[in-house]
Amino acid sequence: MRALDLKLFRDLWHMRGQVLAIAAVIMGGVATMVMSLSTYDSLTTTRDRFYGEYRFAEVFAGLKRAPEPVAERLAAIPGVEVLETRVKAGVKLEVEGFSDPITGLILSLPDTGEAQLNRVHLKRGRNVQPWSADEVVLSDTFADAHRFQPGDRLAAIIHGKKKTLTVVGVAVSPEYVYQIAPGSMFPDFKRYGVLWMGRSALAAAYDMEGAFNDVSLTLARDAREQDVIDRVDAVLAAYGGTGAYGREDQFSNRFLSEELKQLQTMATVFPAIFLGVAAFLLNIVLSRLIALQRDQIAILKAFGYSYFAIGSHYVKLVLLMAVLGVAAGLALGAWFGQGLAHVYTETTFRFPYLDYQLRPVVALIALAVAAFAAVSGTLVSVMRAVRLPPAEGMRPEMPVAYRTSLVERLGLARWLAAPSRMVLRHIGRHPLKSLLTVLGIACACGLMMVGNYQKGAIDFMVDVQFRQASREDLGLAFIEPTSGRALHELAALPGVDHVEGFRDVPAILRFGQYRHRAAIFGIQPEGQLHRSLDSALQPVAVPPGGVVLTDHLANEILHVKPGDLLTVEVLEGSRPVLQVPVLGITKQYLGVSAYMQQDSLNELMREGNTVSGAYLAVQPGTEARLYADLHERPRVLGMVANKSAIQSFYATIGEFILFYNLVATLLAGAIGFGVVYNSARIALSERGRELASLRVLGFTRGEIAYILLGELALLTLAAIPVGFVVGVALVGILVVAFQSELYRLPLLLTPENYAMGAAVVIVSALLSGLLLWHRLGRLDLVAVLKTRE
Amino acid sequence: MPAEQASPVFIARGLTKVYRMGEVEVQALRGIDLTLYRGELVVLLGPSGSGKSTLLNILGGLDAPSGGEVYYLDHKLTGASEADLTRFRREHVGFVFQFYNLIPSLTARENVAAVTEIAESPMRPEDALALVGLGSRLDHFPAQLSGGEQQRVAIARAVAKNPAVLLCDEPTGALDSATGVVVLEVLEKVNRELGTLTVLITHNAGIADMADRVIRLSDGHIADIRSNAVKKSAHELSW
């Protein structure tokens with residue numbers, strides 16, 4: 001068996017170009033899988049550890065104000081394990097040298113000792129000193145965005161009063177892994193910050209001395225979450241409670257969960273597509289490669305090697321190639337995975353550490369899939385070769401029976417010289433092989449389209465969201481619901497072109513067993529700034545007397561259709577429970593929303609013309625002045641400027657997706673080149689003798705290149721439209737798989753997507769053609785005269 | 001009987017060829033002086049390893065000698081570029097291989113046409129095939145022809161461009177004796193009717209009787225050159 005093993009390594013060395021190309025295909029598939037799964041595993045593990053170590057609470061509740069002794073009644077509720085009260089204050093922040101509006105949230109820390117729940121992890125500096133009056137710890141996203149260091153100062157407008165704060169530390173919290181301003185679509189680290197401050201200092205500034213307005217708790221082992229929530233709500237009803245909720249509805253956790261769900265889908269769908277295509281290609285390439293070894297198999301049989309010995313020889317050969325590819329894929333995937341996880345934790349989700357995880361089972365799956373694809377592709381060819389009697393195997397293969405091609409039968413033959421006929425007949429004679437080559441190249445083209453599809457889709461979503469639906473320049477929220485008359489004041493401010501008020505009411509929407517916690521937005525039916533869109537993305541007016549839901553909320557979350565009655569549990573004021581008819585469904589790619597006419601919503605809430613905030617159209621160039629004006633107004637709590645929201649989106653989530661795309665594109669490129677080069681290289685092996693004979697007969701290198709490369713070119717061209725179809729289908733799978741509360745991708749492919757798909761195939765074909773051109777120059781003409789194969 | 005005044009086609013002087021196989025040098029030709037004339041039928045005879053194929057390859061422009069010179073008419077083949085050698089093969093040389101080397105995807109007629117399409121003043125492919133007795137099998141693909149028929153197509157392909165020289169490397173090597181004789185008859189006919197210098201490699205001494213001259217090679221040298229006073233015709237041969 002040792003001689004056979006030597007042959008194995010010599011063969012591998014001899015075919016090193018092809019071995020590398022095959023390994024590249026496997027590597028592309030495996031790397032995608034390892035990268036995605038390890039990122040998902042890492043983030044999940046990190047999250048679980050962070051939540052555990054820093055005692056992330058399990059139930060949360062907000063309220064207007066309750067005296068501290070109420071906490072004892074809450075703690076006495078059966079099923080409550082640990083309970084902690086806090087003061088939580090929405091504020092406006094001022095940072096020197098930055099004129100845009102900044103919204104902030106200050107949370108209290110116990111004056112002495114460590115927090116029981118939702119502990120912060122200090123990354124730099126120290127904790128707030130007991131009883132200190134002006135010290136704060138900043139969330140790291142905000143601190144990093146403004147380059148705050150311990151010792152720096154900033155100002156906060158708390159309860160209408162300006163207070164200067166000193167930064168002593170920078171921290172992350174399990175409660176704010178994902179930080180996003182209320183009413184914002186994307187995180188914006190420069191314009192939204194979370195701060196922690198000593199309880200007594202914050203209470204003094206926020207008029208909460210001896211009281212609290214925020215509760216978090218953990219549950220005893222066998223407690224039912226809903227029971228505890230109901231009892232907490234009952235206690236807090238008298239204190240303006242806005243409804244207790246579990247982790248599932250906790251803002252940061254909900255986004256993190258949704259995002260991880262997305263990532264899990266990505267980690268399943270992308271690798272399934274990549275590895276599936278790679279396996280398919282591997283199978284094709286190897287079966288053809290083994291078919292070329294027909295005579296050697298015959299000789300081995302003649303020597304007396306058993307079927308098993310020969311079979312295992314070739315299985316070993318392809319397994320070595322597969323292992324090479326898997327090893328490269330694991331290394332590359334782990335490297336990309338670490339990069340990706342870091343991009344994730346630097347741009348969007350903040351953790352104090354990252355536990356990078358590459359589970360052995362991921363590597364084993366990769367190895368198993370690659371090995372199965374390689375071995376199954378090999379065995380079919382080996383079996384076919386082994387079944388021949390040795391003498392027949394060693395004889396030259398019978399000339400394959402050719403016939404005239406369809407093109408010629410159509411009467412076009414007179415325009416075709418012999419080389420063109422050879423191309424056409426060769427394709428026609430091996431329809432299956434040609435079809436598989438076309439399919440293989442098409443898959444590479446499709447993969448490339450999937451790889452870079454998301455960028456165009458995201459541009460489109462952002463365009464629809466901000467140029468069709470939310471067209472306001474600035475959205476602002478009042479500290480509490482306010483009379484609609486306040487809008488006149490806003491409209492009179494210099495630089496304001498147009499104002500539309502809105503009312504938003506936090507509520508739980510229920511239909512049958514389905515529920516969703518969200519706000520109902522009351523908007524203007526004929527609004528110019530904030531509009532709802534129909535399925536053709538045209539603005540439609542919200543009808544009076546009912547609610548209009550975005551498609552994902554209606555179809556996938558609540559399972560309602562127009563005409564159904566929705567139960568709305570309002571979480572504000574007297575907290576009425578209402579029955580509201582669903583009047584329509586609107587199209588929205590980002591987030592989910594429920595819309596009503598503002599008048600109808602006011603009527604439901606039994607209030608007059610009341611608004612929660614306003615959308616503003618602002619004259620360009622007047623923003624800084626306007627921001628300053630608004631900042632001075634105590635009733636204006638927060639502002640979100642759309643332009644900066646879009647910019648921050650591209651800087652955060654966008655960066656992550658683009659990183660993923662870049663990697664996917666590179667891997668698709670590697671697979672594409674592997675396939676095209678192998679197809680061409682095998683064609684050369686299969687036809688080298690024929691081409692060398694023609695050279696001996698006086699054909700030039702250019703003329704025989706035409707025969708070989710002409711076929712490759714024809715198949716490549718045929719593969720491109722097929723590849724477009726494959727690409728659209730793969731993107732379709734992705735779109736369906738990626739539907740989530742955060743966003744739904746549109747099935748939209750840009751001309752660039754098609755161009756990239758075609759380009760990877762064409763460039764691969766050109767490169768392969770160039771490599772073959774050199775090989776054609778080295779064809780052994782003398783050998784052709786003597787050897788038969 | 002090559003008259004001394006007949007015009008020479010190939011003139012080789014002091015040809016040597018050394019192959020380097022790894023660390024071993026193999027001396028394939030050790031100084032060959034040879035002149036081949038228009039219209040003669042020459043058999044190169046010798047055991048394997050005697051250098052006859054190397055000599056044929058050098059004459060056909062497929063290989064370059066290590067030393068010495070070869071002239072085809074007034075062209076010097078030694079030192080010619082790859083492109084020049086390709087043109088030389090294309091315009092002047094017809095090859096016949098032991099294993100026919102037909103293009104399986106082309107019919108008999110088209111296999112011949114593949115060469116005539118790139119030649120300067122070729123015969124019609126149909127005429128070339130008629131010459132080898134295959135006028136009725138023009139549109140058959142190689143898979144539909146017997147080995148002898150395939151070899152005759154290969155000969156038709158080689159002669160269709162009206163080459164000055166026809167080089168045949170063991171043309172009957174893969175055929176049984178009866179079929180081989182048919183192929184030799186075709187070569188003989190081509191040589192007689194077209195006057196093409198025909199060089200035929202064989203290790204089968206029986207075939208030598210149909211040659212004008214028999215050149216016996218041994219160990220890279222010309223052992224002897226014998227002119228047949230009386231040529232046998234191919235159908236008289238057997239082995």
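How many helices and strands are there in chain A?

View 1. Chain A contains 24 helices and 22 strands, where helices (H or I, at least four residues) and strands (E, at least two) are DSSP runs numbered from the N terminus. Its C-alpha atoms fill a box of roughly 100 × 55 × 50 Å along the principal axes, and buried residues, those with 20 or more other C-beta atoms within 10 Å of their own, C-beta atoms being placed from the backbone, make up 48% of the 789 residues. Two residues are taken to be in contact if their C-beta atoms, placed from the backbone, lie within 7 Å; among contacts in chain A between residues at least 6 apart in sequence, 84% join residues at least 24 apart. Because this is a predicted model, local features need pLDDT of at least 70 and side-chain atom pairs count only at pLDDT 80 or more, whereas totals for chains, interfaces and linings use all residues. Residues are numbered from 1 along each chain as its sequence is written, while chains are lettered from A and ligands numbered from 1 in the order in which they are written.

**View 2. Domain 1 of chain A against domain 3 of chain A.** An automatic or database domain assignment divides chain A into domain 1 (1–58 + 251–395), domain 2 (88–207), domain 3 (413–470 + 644–789) and domain 4 (496–618). The C-alpha centres of domain 1 and domain 3 of chain A are 21 Å apart, and 36 residues of domain 1 are in contact with 35 residues of domain 3. On the domain 1 side, helix 2 (16–53), helix 7 (251–291) and helix 9 (307–347) of chain A each supply at least two residues, with the largest share, 17 residues, coming from helix 7. This side comprises 23 nonpolar, 8 polar and 5 charged residues, counting Ala, Val, Leu, Ile, Met, Phe, Trp, Tyr, Cys and Pro as nonpolar, Asp, Glu, Lys and Arg as charged, and the others, Gly among them, as polar.

**View 3. The contact between chain A and chain B.** Chain A contributes 26 residues and chain B 27 residues. Helix 13 (418–429), helix 21 (653–696) and helix 24 (781–786) of chain A each give two or more residues to the chain A side, and helix 13 gives the most, with 6 residues. By class, the chain A side has 16 nonpolar, 4 polar and 6 charged residues.

**View 4. Helix 14 of chain A, a mostly covered helix.** Spanning residues 431–451, helix 14 of chain A reaches 30 Å from its first C-alpha to its last, close to the 30 Å expected for its 21 residues, the expected span being 1.5 Å times one less than the number of residues. Of these 21 residues, 16 are buried.

Notes: Buried ≥ 20, exposed ≤ 12 C-beta atoms within 10 Å, placed from the backbone.
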